[in-house]
Amino acid sequence: MKLATEKKTTQQKLSIAGMLITMGVVYGDIGTSPLYVMKSIVEGNGGIRNISQDFVVGSISLVFWILMLMTTVKYVLIALRADNNGEGGIFALYTLIRKQAKWLVIPAIIGGATLLADGMLTPAVTVTTAIEGLKGLPINGNIFVSNQREVIILTVTILSVLFFIQKFGTDLIGKSFGPIMFIWFTFIGAIGVVNLMGDLTMLKALNPYYALHLLFSPENKVGILILGSVFLATTGAEALYSDMGHVGRHNIYGSWPYIAACLVLNYFGQGVWLLQHKEVAAYQNMADFNPFFEAMPAQLKIPAILLATIAAIIASQALISGSYTLVSEAIKLRLLPRIKVDYPAKLKGQLYISIVNWILWAVCLAVVFYFKNSAHMEAAYGLAITITMLMTTILLFHYLGRREKRWFLAYTVLLFFGAIETIFFIASAAKFMHGGYVTVLIAFVILFIMFVWYRSNSIKESNTFKSSTVSLLAYKRQLHDLRDETSLPLYTTNLVYLSKPQAEPRGKNMVKKNILYSILDKRPKRAQVYWFVAVNVTDEPYTAEYTVDTLGTDYIVSVQLYLGFKMEQKVNIFIRQIIHEMIHNGELPAQPQHYTTIPNREVGDFSFVIIQEDLSPETQIRAMDKGIVQMRLWLEKFTDTPVSWFGLEYSDVFVERIPLVLGRQKATNKYHLKRRQEES
């Protein structure tokens with residue numbers, strides 16, 4: 001039987017409206033890459049005075065082929081087909097193959113951590129780069145941004161406002177993102193065409209020979225390390241895959257050719273402009289030189305900077321929303337602690353996670369204050385996403401090979417793209433001492449938290465005694481007698497315990513022994529119906545199903561909820577729906593209430609019991625494992641409570657604390673009291 005929960009349409013049909021939405025949601029990151037890619041390449045080679053025709057043509061050729069191979073071939077043509085009921089991204093991919101091998105969690109958490117780290121840097125880089133275009137630019141005879149300090153102030157203000165409005169929901173402004181990004185891509189494509197018409201010989205950059213030749217040419221002063229800057233042209237490819245569930249694969253297929261054409265035209269146009277102006281002394285001596293803004297007519301600079309700023313904000317918004325989704329998925333997969341997730345808007349799938357929002361805000365501002373300008377930020381940018389792409393390649397290999405049985409394609413992806421991304425990683429790693437360490441530090445902190453949470457779950461499962469779980473069948477008689485024991489006051493009509501999911505089929509009626517101890521021993525709790533509810537997170541994103549087993553009674557209900565990894569776990573709402581259906585089907589007797597404000601009420605009151613574990617001094621496991629479990633318990637102090645997580649804030653909830661004993665227990669008779677003889 002299925003819960004009456006509306007499922008998201010995961011395969012949106014191709015439409016003009018759908019493609020517009022796709023432009024606003026999916027392409028923000030990759031669409032703002034022209035702001036800084038050629039700027040980074042030229043600066044890395046010593047500035048515009050040190051470039052030559054071979055260097056520019058080779059650079060444009062590298063950008064073109066990397067954009068086509070990494071984004072078009074790997075992600076658009078291959079990765080988008082590795083979807084989980086229409087959902088994409090590294091965690092959706094992991095859920096498709098996690099049963100193949102336990103170690104696959106390693107590339108999943110590494111890729112997730114580095115993708116989150118990239119999301120923290122992108123808003124800082126894109127907004128700063130856009131605002132720097134205003135520096136020294138006269139507007140109606142006045143210069144509003146005259147130095148880098150004012151750039152920082154304006155950037156910090158924009159970022160702060162952007163993060164502040166997240167809690168109110170962004171669906172209203174989000175509706176305008178698509179048309180704005182369409183204008184943006186059309187604008188940069190048109191500017192590219194105008195510049196390209198000045199020298200059509202730049203089209204020879206379509207020949208991959210020039211890309212390969214540049215890697216070993218003396219004109220290229222940094223050698224293979226130039227790929228660290230070239231790679232910035234495809235940093236939004238992973239976000240493209242992650243956002244597939246919001247817009248549908250077909251809308252990406254339909255819109256990407258136009259997006260790719262506009263990007264390529266702009267890069268080619270920047271290349272032509274660089275060759276035509278490389279001898280101009282004013283540009284050779286210009287601080288914060290950016291060919292993107294310089295390659296357009298003076299009368300268009302101010303509109304271009306304003307449009308670039310809006311595009312940067314849209315790109316930042318997409319990455320912020322993507323970070324919420326990524327964290328939410330990791331929580332459901334038990335890779336991160338439970339954190340309160342809000343749904344501030346009517347737009348389906350829009351999340352808001354307060355603690356994530358303010359951590360992102362703090363890190364973005366810290367990056368801006370620490371690096372001070374976009375050139376320094378670019379040194380830290382890109383390193384994390386190369387790791388994410390490598391991890392995605394590993395997971396894609398297992399998906400294509402073991403699941404799809406397309407071994408030739410699987411090995412092609414692994415060897416070809418794995419080799420390219422390894423080279424990119426080496427090139428980006430050269431930036432480590434120039435700012436890349438910031439990205440690594442951010443990713444390491446996230447990865448450490450993921451490791452602690454995942455590993456602690458494994459430790460608890462492997463060191464918990466089998467005797468700690470019991471069958472409900474063995475306690476049917478006691479629960480029956482307790483229900484009918486009129487000498488005890490009625491604790492509640494429906495007593496609900498949240499139990500741990502057990503392996504099927506035998507495990508469906510197994511619960512932790514401490515639950516029965518709570519009912520029978522700690523304080524006998526008399527109820528009309530005892531509910532044992534387990535929440536199973538499925539590999540599909542929007543599953544909403546359940547099974548029930550009454551064990552042949554009308555007073556014991558074992559419920560297995562099956563919720564997708566993107567579903568809210570509103571246990572209170574689900575249980576009330578289930579009991580209504582069971583009463584309607586005659587599986588449970590009605591529970592009429594004499595004192596109620598609800599006419600013809602047939603369901604009684606509910607009480608939920610949450611059992612909270614504290615690590616016992618009796619625990620006997622390895623010191624390292626014990627430290628990991630203690631770290632997890634410490635992290636739980638800063639995370640969402642089970643009451644909030646399971647949607648029980650307005651329910652009658654009791655929290656009982658019990659000791660968590662892992663491993664072999666210490667002897668209980670270590671200390672023995674001896675009775676003292678009293679003197680007469």
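At 0% relative accessibility, Ala 330 counts as buried in this predicted model. The residue belongs to helix 17. Along the chain, Ala 330 and Lys 566 are 236 residues apart.

The chain as a whole sets the context. Its secondary structure comes to 27 helices and 10 strands. The C-alpha trace spans about 105 × 65 × 55 Å along its principal axes. Of the 680 residues in the chain, 56% are buried.

Two nonpolar cores were examined. The largest has 188 residues. Within this core, the residues with the most contacts are Tyr 27, Trp 184, Met 202, Trp 531 and Leu 561. Another core, of 20 residues, lies apart from the largest one. Its members include Tyr 475, Tyr 491, Leu 516 and Leu 520. In soluble globular proteins, nonpolar side chains tend to be buried together.

Helix 20 was considered next. This helix covers residues 383–403 and has 21 residues. From its first C-alpha to its last, helix 20 reaches 30 Å. That span is close to the 30 Å expected at 1.5 Å a residue. Helix 20 is mostly covered, with 18 of its 21 residues buried.

Helix 21 takes in residues 407–429. The axes of helix 20 and helix 21 come within 9 Å. They cross at roughly 170°. Angles over 145 degrees count as roughly antiparallel, so helix 20 is roughly antiparallel to helix 21. The residues of this contact divide into 17 nonpolar, six polar and two charged. Helix 20 is followed by Lys 405, whose phi is positive, near 60°.

Positive phi values were also found elsewhere. Most residues other than glycine have a negative phi. Arg 334 is not a glycine, yet its phi is positive, at about 60°. Arg 334 lies in the loop between helix 17 (298–332) and helix 18 (354–371). With a relative accessible area of 41%, Arg 334 is partly exposed. Leu 551 likewise is a residue other than glycine with a positive phi, near 55°. Its place is in the loop between strand 7 (544–549) and strand 8 (556–564). Leu 551 is buried, with a relative accessible area of 8%.

The structure holds zero disulfides. Cys 262 is buried, with a relative accessible area of 5%. Cys 364 is buried as well, at a relative accessible area of 0%.

Gly 189 is found in helix 9, which runs over residues 177–196. This glycine is buried, with a relative accessible area of 4%. Gly 189 and Phe 268 are 79 residues apart in sequence. From C-alpha to C-alpha, the two are 9.8 Å apart in space.

Met 244 is found in helix 13 (residues 244–247). Its relative accessible area is 1%, and Met 244 is therefore buried under the 20% cut-off. Met 244 and Thr 22 are 222 residues apart along the chain. Their C-alpha atoms are separated by 8.8 Å.

Glu 219 provides a further pair. Glu 219 lies in the loop between helix 10 (208–215) and helix 11 (227–230). At 32% relative accessibility, Glu 219 counts as partly exposed. Glu 219 and Val 548 are 329 residues apart in sequence. In space, 71 Å separates the two, C-alpha to C-alpha.

Technical notes:
Residues are numbered from 1 along each chain as its sequence is written. This is a predicted model: local features need pLDDT of at least 70, side-chain atom pairs count only at pLDDT 80 or more; totals for chains, interfaces and linings use all residues. Side-chain values use heavy atoms; hydrogens and water are left out. A nonpolar core is a set of buried Ala, Val, Leu, Ile, Met, Phe, Trp, Tyr and Cys residues joined through side-chain atoms within 4.5 Å. Buried means under 20% relative accessible area, exposed over 50%, partly exposed in between (1.4 Å probe, protein chains only). Axes are lines fitted to C-alpha atoms, for helices over the stretch in contact, and angles run from 0 to 180 degrees between N-to-C directions. Helices (H or I, at least four residues) and strands (E, at least two) are DSSP runs, numbered from the N terminus. Angles under 35 degrees count as roughly parallel, over 145 as roughly antiparallel, 65 to 115 as roughly perpendicular and the rest as oblique. Ala, Val, Leu, Ile, Met, Phe, Trp, Tyr, Cys and Pro count as nonpolar, Asp, Glu, Lys and Arg as charged, and the others, Gly among them, as polar. A disulfide is a pair of cysteine sulfur atoms within 2.5 Å. The expected span of a helix is 1.5 Å times one less than its number of residues.
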